[in-house]
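Open your viewer and get ready to click along with this tour. At each stop you will hear what to select and what to look for there.

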Amino acid sequence: MNAAKADVLQRIRGALGAGAAVPEVPRSYNGPGSPAPSGGDVVELFCERCADYRATVRRVSAAELPAAVVAACEERGAKRLVVPPGGPTDLPGLELVPDAPFGPRELDGFDGVLTGCALAIAETGTIVLDGGGRSGRRAITLVPDYHVCVVEAERIVAAIPDAVAALGEAAAEGRPITFVSGPSATSDIELDRVEGVHGPRTLDVFVVHP
């Protein structure tokens, strides 16, 4: 505890007086490596929680992934997608364009974006993007209206403490870290849910098993 915090707490105790009991606050938080509070298989839990947020979740093998992505894009009417540099560039029927990096107007002209992710969190159904090679720049996952995200099963961690521990390098490098729980949505105006205000309106997630 630093000196300033200790001084503030001491003043509070003094103001409360000798007759007021100040209980100790338990600090038995879950840390990295603790099982997900809900228990069960982390991949199954992630898929359930992610779908609860109105994302479309499909479980596929690595061999099935290309055809599944193409089929999903055809269903959405998406043909031209931006991808992070070094990402895939050859899927039948799709034009995959590496990020230049493009400006907002150029990104808005794409039908969608195809990325991987840094990791995913089972307990909250959250995808985490860290601005690295798999995730790409934050802008490419915020401007296009459609996001196709590939999540390898081995990148799914049980809970938030595991994610925080795994993101230490990205944080130390000052890379932007984005937590994505379903399509972008807000209910700020008269509690009516509106999707696509702060990011993609549609999120298709492919959980890939070896």
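Before we start, one definition: two strands count as paired if DSSP finds at least two bridges between them. Keep that in mind as you select I121, whose bridge partner in strand 6 is T126. One caution as well: this is a predicted model.

**Stop 1: the whole protein**

The protein has six helices and 12 strands. Along its principal axes, the C-alpha trace spans about 75 × 40 × 40 Å. A compact globule of 210 residues would have a radius of gyration near 17 Å, but this protein has 21 Å. Now colour the residues by burial: buried ones make up 39% of the 210. If you look at contacts with a separation of 6 or more, 70% of them come from residues 24 or more positions apart.

**Stop 2**

Six of them form an open sheet in the order 1-12-7-4-2-3, and the pairing is parallel. Its edge strands are strand 1 and strand 3 (95–98), each of which pairs on one side only. From one strand to the next, the twist averages 25°.

Next, select strand 12 (202–209). How many of its eight residues are buried? Six of the eight are, and strand 12 is mostly covered. Strand 1 pairs with strand 12 in the parallel sense over six bridges; to find one of these pairings, click R58, which has F206 as its bridge partner in strand 12. Strand 7 also pairs with strand 12 in the parallel sense, over seven bridges. Here, select V151 and look for its bridge partner in strand 12, V207.

Slide over to strand 3. Strand 2 and strand 3 are joined in the parallel sense by four bridges, and the bridge partner of L81 in strand 3 is L96.

**Stop 2: helix 3**

Helix 3 lies across strand 1, strand 2, strand 7 and strand 12, and runs at about 165° to strand 12.

Which residues of helix 3 are buried? Show the side chains of L65, A68, V69, V70, A72 and C73 to see them. What covers these buried residues includes strand 1 (56–61), strand 2 (80–83), strand 7 (146–152) and strand 12 (202–209). Then step past the end of the helix to G77, which follows helix 3 and has a positive phi, near 75°.

**Stop 4**

Four strands form an open sheet in the order 8-5-6-9, with mixed pairing. The edge strands here are strand 8 (156–157) and strand 9, each pairing on one side only.

Select strand 6, residues 126–129. Both of its faces are covered: T126 and V128 on one side are buried, and so are I127 and L129 on the other. Strand 5 (residues 119–121) runs antiparallel to strand 6, and three bridges join them. Together, strand 5 and strand 6 form a hairpin with four residues between them. Click G125 in the turn, where phi is positive, at about 65°. Strand 6 is also joined to strand 9 (residues 178–180) by three bridges, again in an antiparallel arrangement. On this side, V128 stands opposite F179 in strand 9.

**Stop 3: the cysteines**

Finally, select the cysteines and display their sulfur atoms. How many disulfides are there, if a disulfide needs two cysteine sulfur atoms within 2.5 Å? The count comes to zero. C50 is in no disulfide, and the nearest cysteine sulfur, that of C47, is 7.5 Å away. C50 counts as buried because its relative accessibility is 0%.

Conventions
Residues numbered from 1 in each chain as written. Predicted model: local features only at pLDDT ≥ 70, side-chain atom pairs only at ≥ 80, totals over all residues. Heavy atoms only, no water. Buried < 20%, exposed > 50% of the residue type's maximum accessible area, 1.4 Å probe, protein only. Helix = DSSP H or I, 4+ residues; strand = E, 2+ residues; numbered from the N terminus. Contact = heavy atoms within 4.5 Å. Disulfide = S-S within 2.5 Å. Axes fitted to C-alpha atoms, helices over the stretch in contact; angles between N-to-C directions. Rg over C-alpha atoms; globule rule 2.2 N^0.38 Å.
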